[in-house]
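Okay, thanks for coming, everyone. Let me put the model up and talk you through it.

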Amino acid sequence: MVKFTPESIDYSLYLVTGRELLPPGKDYYESLEEFVEVARKTKEITDKYGVPLFINDRVDVCLAVGAAGLHVGQTDMPVDLARSLLPKDIIIGISVSNTKEAQTAVDSGLVDYVGIGAVWWTGSKDLKGKLCLGVDGVGEVLDVLAEGQRKTGKEIRSVAIGGIHLPNLPQLLHGSPSPKHLKGLDGVAVISDIVSSTDPEHASRKLRAVLDSYHRARKDQAGLHAVFGFNLSGTPGYTKRSEKELLNAAAGLIAVVRELTPLAHQITNIVVANDSANATLAMGGSPIMASAEQEVGDLSKAISGLLINFGTIKDRAGMLVAGKAANVNKKPIVFDPVAVGATAFRRQTSKGNSYAPKPTVIKGNAAEIGALAESAEVESRGVDSVGSGFANPADVVKTLARKKRCVVALTGKEDWVSDGDTVVKLSNGHEYLGVITGSGCMTGSAITVYTGAASQAIKQPYENESQIVQGDMFAATIAGILVINVAAEVAAERSDVKGPNTFRSALIDELYNLRADTLLRRARLEVVA
Ligand SMILES: Cc1ncc(COP(=O)(O)OP(=O)(O)O)c(N)n1
Ligand SMILES: Cc1nc(C(=O)O)sc1CCOP(=O)(O)O
């Protein structure tokens, strides 16, 4: 019999049995009604394969079968009592669904691991109206554990649970590392993805492959590169780039876009759809503006990138289906959270307790970025931001990029872009951009075209199966902003431009004419952090 210690347990794939979820034709010792009998039989099998067995809730059963550990919930036997009844070497885990419960687990000093959930909605457990944590919520719990370890020296391991399936596993693994300490999950616990499968071995192997590649990447590539799940610098590992290097990488993508004609799927608003589609074509991309939930999933394999623009937010179901499919198919997602702070509906949709898509880039004005960053520093009026903006925009974008584990672009008179480490300030553009409707939305389209092209340009297979997307997403975001702003400057200088309306037409022309050397000559890019 294998002897397990808290340190020796491999938590990466934790199966929680669920007899009621077995598909037709499969049984789990249905003739054995007693929990202890089921546990005994299970223990014979887990021993054979060197897998630790944990018993849920029942200290007596745990003792009777000599299980490796006990798992308790918040309303089950208190951990101190369970600990006093069990031998010293029994591993104890507890379910936590918020930071307060995680803090209590840390403070007890008696817990070896926590089950963090529910991450997303699940049909396997009655969540009793409780809100799901989402990937951000898991990250907050992980920071409590990391802080506890920093203070006490005791490591509490962690597995997430609830609604976890193969397609959303990469987004959970890469989306949840804690914002402050970058602590990642040790593993995931699943019921239905394995138990309800007609081929549980195949289902387990698929999960295992993603988990193994994620853990390998975290071990091999320190820092944000492995945490975000996409290549920040365009090279393996993470290296900070100079202004010149970033600018060259961004300008180099102009030719890539023209060569690849990336298919930019845009679920955007009725106000700007026509201009965004024309701007996309002028840049060298190909627009598709489908939004019906019945068809957007089918498009996903063919597209280069996806834009989700909250604008008039009629197509919430389409956004969720398209976003989910883009994550599964590893396509970059640009999220433009138009007026996200303005209504509860928009705020809630952006949080998405039940499986919100993980964006690759978030692009917004000061009010929108402020709402996502939960900052009260900037006010909004409808879709616009009012006031003088953030006192320290560089810090805001960097912090939000780390929190959301994606590139963040704050657009305005000056634009600020961060990948969670480097922060770039861009100072191109023209005041006419502020007096035509949809220039910000067009920037979202441009970022979609450029991230799509950057991702499509990578021909080699994924370095690892858990990666969210390939390609240089930071440079592509910078490129998308620069092409709009530099084309706007060139357009505004034309003698035939007399005001907003002639500017709007000239902008499309100059997007069409824009060349890399113009961008390199005119771009005002400063690395500020
Ligand atoms: C890792 C892990 N999480 C949860 C459970 C059991 O869950 P359940 O008994 O349904 O819920 P709680 O009472 O713990 O909230 C488990 N066995 N392992
Ligand atoms: C057993 C359990 N505990 C949860 C918690 O939130 O503590 S969620 C859950 C069910 C997990 O099943 P599935 O993998 O099928 O979603």
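Predicted model: local features only at pLDDT ≥ 70, side-chain atom pairs only at ≥ 80, totals over all residues.

So, strand 8 and strand 9 pair in the parallel sense over three bridges. Here, strands (E, at least two residues) and helices (H or I, at least four) are DSSP runs numbered from the N terminus, and two strands count as paired if DSSP finds at least two bridges between them.

Residues are numbered from 1 along each chain as its sequence is written, and chains are lettered from A and ligands numbered from 1 in the order in which they are written.

Back to strand 8. Is it buried or exposed? Five of its five residues are buried, so strand 8 is largely enclosed by the rest of the structure. Buried means 20 or more other C-beta atoms within 10 Å of the residue's own, exposed means 12 or fewer, and partly exposed is in between, with C-beta atoms placed from the backbone. L263, H265 and I267 point one way from the strand, A264 and Q266 point the other way, and all are buried.

Now the sheet around it. This is an open sheet of nine strands with mixed pairing, in the order 9-8-10-11-12-15-16-17-18. Its edges are strand 9 (286-288) and strand 18 (525-527), each pairing on one side only. Neighbouring strands are turned by 20° against each other on average, direction ignored; axes are lines fitted to C-alpha atoms, for helices over the stretch in contact, and angles run from 0 to 180 degrees between N-to-C directions. For an antiparallel pair, look at strand 16 (residues 415-418) and strand 17 (residues 423-426), joined by four bridges. V417 has V424 in strand 17 as its bridge partner.

Two helices to point out here. Helix 13 (residues 316-328) packs on the sheet and touches strand 8 (263-267), strand 10 (305-309) and strand 11 (333-336), its direction making about 150° with that of strand 10. Contact, by the way, means C-beta atoms, placed from the backbone, within 7 Å. Helix 17 (residues 439-456) packs on the sheet too, touching strand 8, strand 10, strand 11, strand 12 (361-364) and strand 15 (407-410), at about 160° to the direction of strand 10.

T261, in the loop between helix 10 (243-260) and strand 8, has phi near 45°, a positive value in a residue other than glycine. T261 is partly exposed, with 17 other C-beta atoms within 10 Å. R405, in the loop between helix 16 (393-404) and strand 15, has a positive phi of about 50° although it is not a glycine. With 26 C-beta neighbours inside 10 Å, R405 counts as buried.

Seven strands form an open sheet with parallel pairing, ordered 1-7-6-5-4-3-2. Strand 1 (13-15) and strand 2 (54-56) are the edges, each pairing on one side only. The twist averages 25° from one strand to the next. Strand 5 (residues 113-117) and strand 6 (residues 157-161) pair over five bridges, and I116 has A160 as its bridge partner in strand 6. Helix 5 (residues 134-152) packs on this sheet, touching strand 4 (91-96), strand 5 and strand 6, at about 165° to the direction of strand 6. There's also a cis peptide bond joining G117 and A118, with omega about -5°; A118 is in the loop between strand 5 and helix 5.

On to the cores. A nonpolar core is a set of buried Ala, Val, Leu, Ile, Met, Phe, Trp, Tyr and Cys residues joined through C-beta atoms within 7 Å. The largest has 91 residues, and L253, V408, Y450, I478, L482 and V483 touch the most other members. Helix 18 (residues 473-493) gives the most to this core, with 14 residues. A second, separate core of 58 residues includes V59, I116, V119 and A189.

Last item, the domains. The chain is divided into domain 1 (13-220) and domain 2 (243-527), with bounds from an automatic or database domain assignment. Their centres, taken over C-alpha atoms, are separated by 38 Å. The contact takes 21 residues from domain 1 and 17 residues from domain 2. On the domain 1 side, helix 8 gives the most, with six residues.
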